[in-house]
Amino acid sequence: MSRMNMEISLRRRVTNIVMLSITGLFTLLTITILFCILGYLLYHGIGSLSWSFFTNLPKPTGEAGGGMANAIVGSGKILLIATVLGVPVGFLAGVYLSEYSGRTFAFVVRYVTDLLNGVPSIVIGIFAYAMVVKPMHRFSTLAGGIALGIMMIPIAVRTTEEFLRAVPNSLREASLALGATKATTIFTVVAPAAIQGLVSGMMLNLARVAGETAPLLFTALGNMFWSRGWSQPSASLPVMIYQYAISPYEDYHQQAWAAGFVLLALVLSINVTARLVISGRGATARR
Amino acid sequence: MKASISLRGAVCHVAVLAALAGLASVQLSAQMLINGAGATFPAPIYQKWFSDFNSVDSNVQINYQAIGSGGGIRQVTEGTVDFGASDGPMTDQQLAEYQQKHGFPVLHFPTVLGAAVPTYNIPGVTASLDFTPEALAGIFLGKIKRWSDPAIQKTNPNVTLPPREIVVIHRSDGSGTTYCWTDYLSKISSEWKSKVGRNTSVNWPAGLGGKGNDGVAGLVKQTSGAIGYVELIYAVRNHMAYGLVRNSAGEFIKANLSSVSSAAADAAEKMPADYRVSITNAPGKESYPISTFTWLLVPSKINDAGKRDAIKKFLKWALTDGQKSASSLQYAPLPKALQSRELGDISKIH
Amino acid sequence: MAATTSTVLDRAPEPRARGFWRRLRAGEEIAYLIALSAATLVLLIVGLLVYQLWISSTLSIHAFGFSFLTGSTWDPNAGQFGALPFIYGTCVTSALALLIAVPLGVGASIFLAELAPPNASNVMTFLIELLAAVPSVIYGLLGIFVLVPLIHTYLAPFLTATFGFLPLFQGTFYGVSFLSAGIILSIMVAPFIISVSREVLYAVPTDQREAALALGATKWEATWDIVIPNARTGIMGSIFLALARALGETMAVTMVIGNTPAISASLYSPGYSIAAVIANEFTEATGNLYLSSLIFLGLVLFGLTIVINAVARILILVTQQKGAA
């Protein structure tokens, strides 16, 4: 070992150390950026947060005590629609790919799913505007939910496929051997065995679209008041952040920071929970 | 086993949530929500009006989204909002398109008046500069490139202008402020009229763009040597230097409530029936030349009786009580004669 | 595993599983059809998306045809629409983002896969993947209020002083610019490169490294000359995925790019991207041709991402086949 090292010229040793340190530095840099983001939002966000942020409606600039209660509820409603639409379709399509698929058709479905995953969110916004807003003659919670729902489908499909495939075949065989049909096996044996991964995957999926702004700009639009029902324009946290950030008022900027903090806290906590569940499960499975 | 229970739990949870949301919508349904969208120029006063009007009539909520004047015209034509708002009147072609699409016309209601001001950032210069129309046109055409250019220096003998490069800042989005600004430049410069023209967004010969009045204000603040145009209130609120402009009577006028009102006074007398009028470069010694009305665009036929009554009630309130809060936000209230004329025209909505 | 199987055995005869599932068993084909129709629905949605984009942009396609892509005038007043400044802006910002994110990402992934102890590596990767979850509007918020001022006060003067002779760093820096947008994008896409590349590096067999080390290579040489070439296609795939994301990114770019349809060699110049112009002007386009041109832009962006995604997929496929062989 030591003789080996001596044979290595100084230049090579220096290169080795320098390059390896650089990779470490890059890693550190990336992680520092994360902590800077968290730190900044924490610093500005907490300072501007107050109880009224969660309970009050937005106020005109200059008036104290404005909040974003309607945006928080609005985001919740939009995400509910998105989940109700996106998850079942994605789940069932994923079941098809994992359990039933023929070769050519499955390839096409998989390819198109990846394609949909790659479609820029702003283009999905145009689509939802043309398909929902224009025929209904109104911007609405529903249109926003549909836009985000479409965005949820591809990841729902691929997560379902992935986690169902991870279920050992012996389980399926055992179930079939006991006389269960294929459908029964899938829905009572295979899917429940993968449920943790599926639910976590869907949560990650939800967290991803929760921060989407672009497709909501011309679907859910925005609302200064509560949005009643499902066919009225609705406020949402990401759009509010955008509007308040580019406004010229200092008090609105404060609110934007507060909203940014709330949104980030929400998205990251869902994310962390889901990832911990998945990795915990992965660890037991490997064992 | 445990997993399937938690799945069932999740399903129940979703169902309860949905039911709750449904319940909430039932409880709130006594209230009427009216949606409007458009100009950012009057957005501060509209936000205040709609917030105040909600306390006048708590059953009516008017949701206004400031997406730009172009957006106001487009969305009211598409029928996706109940009313639009714009700082530039709709063109004949746009009116025809509306008529063809809906079978009835859309009405213009002037609400308040505002002004676009040239705002600048020249290191070492704090004074209010005097601009001739020729200087403004030259700057925005990209022909006057330095602050020390005689066209600017000549009218500002007391200020030493540096030979610094002028950076033109304009709006990147469709904007009524842009309409007003380019409308003015088209009137005072034939070259501008033929090369660029007037619209809510144009192909700028020079400069860089910011989104919204704020984007422009922010860029001007950050950039030394910059000149841009913003609605008066944005310049005042952001404590930005803005210049005086020479009007058609040859006076250098600072934009403020009285000079804007003065520009409107003349137009109010000769107001056409549909209220589509430009008051840039207005006559009168006191008139600020880059002033404009801002309009609400209301369909003349609203099928939902509740909405119709609410919109009419709001218009009546805005043209009377609402006018009182205009001046605190740097908007000039409408001339009295115009107010009463518009009140009469509210009955055209049916 | 054994435990899970026994659960299933326990459950099969349970009375609760009867009712509904027995009926479903009778409808075995129904279950199949439902799954199949869900899969078909995905195809249908994408088909409808393409169709909708196509018919909505026909007006513009007929008016301008191919010259839409090469025209550099965007003049709503005169009804002249050319997409070149937007395509240019999208490409420049994405290229800049990759220029920064690729060395950063690949470097970090080497550290995480080859050097860091597995536990520490997992924790760090976890943190880095959280970066990918930060919503883009929050990147925009930080971009406007934090990053742009920082670039303005520190980075831009430094670049001007050091590389001012290059056309890339000439002119006045206004804050919002290609440079700012590119930097924000690089931060946004780097996590993708890191997490995918790390997986790819892990997939390279350990004996390759050991063989290189045994022959007297330094750790770096073993990584750079042996492991990286083996993982090259997979890493390229991750880069293309990052590129696809950078191309379509809307909010953060809109907030810092300057929104001016300009083609300039200088990175200091403000510009515009396809996604940003759609976000800014879509709700307010007043003419039919104007709106149609914006949707045409959407179609162009869609086409770009299809191509990039296809390339990424092929690269990943090639890696997989190589692994199998």
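**Domains and chain contacts in a predicted model**

The C-alpha centres of domain 1 and domain 2 of chain A lie 34 Å apart. The model is predicted: local features need pLDDT of at least 70, side-chain atom pairs count only at pLDDT 80 or more, and totals for chains, interfaces and linings use all residues. Residues are numbered from 1 along each chain as its sequence is written, while chains are lettered from A and ligands numbered from 1 in the order in which they are written.

Domain 1 of chain A spans residues 2-48 and domain 2 spans 51-286. These bounds come from an automatic or database domain assignment. Six residues of domain 1 of chain A are in contact with seven residues of domain 2 of chain A. Two residues are in contact if their C-beta atoms, placed from the backbone, lie within 7 Å. The domain 1 side of this contact in chain A holds three nonpolar, three polar and no charged residues. Here Ala, Val, Leu, Ile, Met, Phe, Trp, Tyr, Cys and Pro count as nonpolar, Asp, Glu, Lys and Arg as charged, and the others, Gly among them, as polar.

Chain A has 13 helices and zero strands. Helices (H or I, at least four residues) and strands (E, at least two) are DSSP runs, numbered from the N terminus. The radius of gyration of chain A is 24 Å, well over the 19 Å that the globule rule gives for 287 residues, so chain A is more spread out than a compact globule. This radius is taken over C-alpha atoms, and the rule is 2.2 Å times the number of residues to the power 0.38. Along the principal axes, the C-alpha atoms of chain A fill a box of roughly 70 × 65 × 30 Å. Of the 287 residues of chain A, 56% count as buried, that is, with 20 or more other C-beta atoms, placed from the backbone, within 10 Å of their own. Among contacts in chain A with a separation of 6 or more, 74% join residues 24 or more positions apart.

Chain C also meets chain A. The contact takes 74 residues from chain C and 81 residues from chain A. On the chain C side, helix α3 (residues 28-64) gives the most, with 16 residues. By class, that side of chain C has 55 nonpolar, 15 polar and four charged residues.

Chain B touches chain C as well. Here 26 residues of chain B are in contact with 21 residues of chain C. On the chain B side, α3 (69-78), β7 (208-210) and α9 (212-222) are the elements that give two or more residues. α3(B) gives the most, with five residues. This side of chain B has seven nonpolar, 16 polar and three charged residues.

Note on methods
A residue is buried if 20 or more other C-beta atoms lie within 10 Å of its own, exposed if 12 or fewer, and partly exposed in between; C-beta atoms are placed from the backbone.
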